[in-house]
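Trainee: I have a structure open and would like to go through it piece by piece. Can we begin with a sheet?
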Amino acid sequence: MKTRTYLLLMLAAILIPVAFLSFSGLYMLLQSERESRIQRVAEIAHSTSLLIDSEIMAAEASLRNVANSPSMRAEDFAELHRLLSATRTSPLSWTLIADYAGSGMMNTLVPYGTPLAVKSGPWAAKAYDAQATQVGGYFLGATSKRGVVAVNVPVPAALGKKYVIAQIFDPRYFDKIFHKNTLQPGWIIGVFDANGISIARNVNAARLVGRKVNPSLYAATRQEAGGMVRHTTRDGIDVYDVFVRSELSGWTVAIGMPVEEVEQAARVTTFYAALSLLSVLGAAVGIAVFFGRRIDNSLREATSAAQALAHDKM
């Protein structure tokens with residue numbers, strides 16, 4: 001067997017395990033790139049959830065001030081309506097005061113004195129009896145006649161006034177929070193309540209807000225407060241959905257990334273890494289073949305010289 005053949009076999013013995021380990025590394029790189037992308041989206045979902053929580057806490061603090069105000073003690077709803085209307089900061093949010101039976105006393109969405117819903121349900125009694133802030137889910141507003149959510153704060157029982165003050169939000173109010181995070185054009189971000197009803201959404205909101213979210217997504221959020229699930233959205237898109245559930249509200253923020261987009265980005269990164277690896281391995285093989293030939297030629301020349309010398313001595 002030629003010396004060059006031995007050298008090439010030795011090279012193969014070295015390169016085959018290296019190539020195997022390298023391609024295993026490329027697979028791990030593919031997985032890592034995918035997980036890294038998902039982790040970045042999880043951070044966006046978490047920050048969005050915190051921003052929504054901050055809006056809820058701000059509303060709660062404001063409502064507690066109203067609940068303990070002199071006007072509330074005096075049951076001066078006209079003055080409360082004037083003050084709350086003057087400090088209203090968004091047309092997509094307004095304040096309602098209701099009695100224990102759920103009958104409206106005033107609502108800043110409409111002029112004071114406008115007839116309001118009477119005995120609208122047990123929600124007010126539940127909030128008052130609990131003497132704790134309650135963040136509700138999606139429901140149809142009796143006055144607004146559209147889907148809304150609310151933060152309900154009871155008047156302290158020590159005041160002897162059985163009222164509940166609610167800050168009501170149109171779902172579009174939360175669109176401003178969605179815009180604070182940079183999302184890719186194809187990504188879907190949404191918020192849904194503890195019952196799995198969509199509260200807000202950046203895509204097809206008019207059609208899908210107020211309806212149930214994907215069952216597999218909802219089931220995953222009942223098992224853990226944060227994670228990722230792959231499923232087909234109500235828009236018919238195969239996505240990796242990263243979600244975070246808030247302990248404060250029970251609402252869940254979910255960001256769906258098209259699977260093809262995530263996989264394509266991971267494949268591109270892995271492709272360039274593989275190209276670089278193959279270039280290095282190819283260069284190594286080329287160098288080995290080059291020097292193998294040089295060594296083989298040198299050995300042939302040495303063998304020929306030795307044979308010639310032996311022939312002369314004979």
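This is a predicted model: local features need pLDDT of at least 70, side-chain atom pairs count only at pLDDT 80 or more; totals for chains, interfaces and linings use all residues.

Trainee: Which residues of helix 7 are buried?
Mentor: Helix 7 covers residues 215-223, and its buried residues are Leu 217, Ala 220 and Thr 221. They lie on the same side of helix 7, because they cover an arc of only 95° around the axis.

Trainee: Why would residues a few places apart end up on one side?
Mentor: An α-helix has 3.6 residues a turn, so residues three or four places apart point the same way.

Trainee: And what covers those buried residues of helix 7?
Mentor: The cover includes strand 7 (188-192), strand 9 (226-232), strand 10 (238-245) and strand 11 (252-258). On the other side of helix 7, you will find Pro 215 and Gln 223 exposed.

Trainee: New topic. Is strand 5 mostly covered or mostly open?
Mentor: Mostly covered: strand 5 runs over residues 147-154, and eight of its eight residues are buried.

Trainee: Which residues sit on each side of strand 5?
Mentor: Gly 147, Val 149, Val 151 and Val 153 are on one side, and Val 148, Ala 150, Asn 152 and Pro 154 are on the other. Both faces are covered. As for the every-other-residue pattern, side chains in a regular strand alternate between the two faces of the sheet.

Trainee: What does strand 5 pair with?
Mentor: One partner is strand 6 (residues 163-169), joined to strand 5 by six bridges and running antiparallel to it. There, Val 149 has Phe 169 of strand 6 as its bridge partner. Strand 3 (residues 134-135) also pairs with strand 5 in the antiparallel sense, over two bridges. In that pairing Gln 134 stands opposite Asn 152.

Trainee: How many bridges join strand 4 to strand 5?
Mentor: Two, with strand 4 (residues 139-140) and strand 5 running antiparallel. Leu 140 has Gly 147 in strand 5 as its bridge partner. Strand 4 and strand 5 form a hairpin with six residues between them, and in the turn Lys 145 has a positive phi of about 60°.

Trainee: Back to helices. Which residues of helix 4 are buried?
Mentor: In helix 4, residues 123-130, they are Ala 124, Ala 125, Ala 127 and Tyr 128. These cover an arc of only 165° around the axis, so they are on the same side of helix 4.

Trainee: What do the buried residues of helix 4 pack against?
Mentor: Strand 1 (93-99), strand 3, strand 5 and strand 6. Lys 126 and Asp 129 are exposed, on the face of helix 4 turned away from its buried side.

Methods:
Residues are numbered from 1 along each chain as its sequence is written. Side-chain values use heavy atoms; hydrogens and water are left out. Buried means under 20% relative accessible area, exposed over 50%, partly exposed in between (1.4 Å probe, protein chains only). Helices (H or I, at least four residues) and strands (E, at least two) are DSSP runs, numbered from the N terminus. The arc is that of the directions from the helix axis to the C-beta atoms. Contact means heavy atoms within 4.5 Å. Two strands pair if DSSP finds at least two bridges between them.
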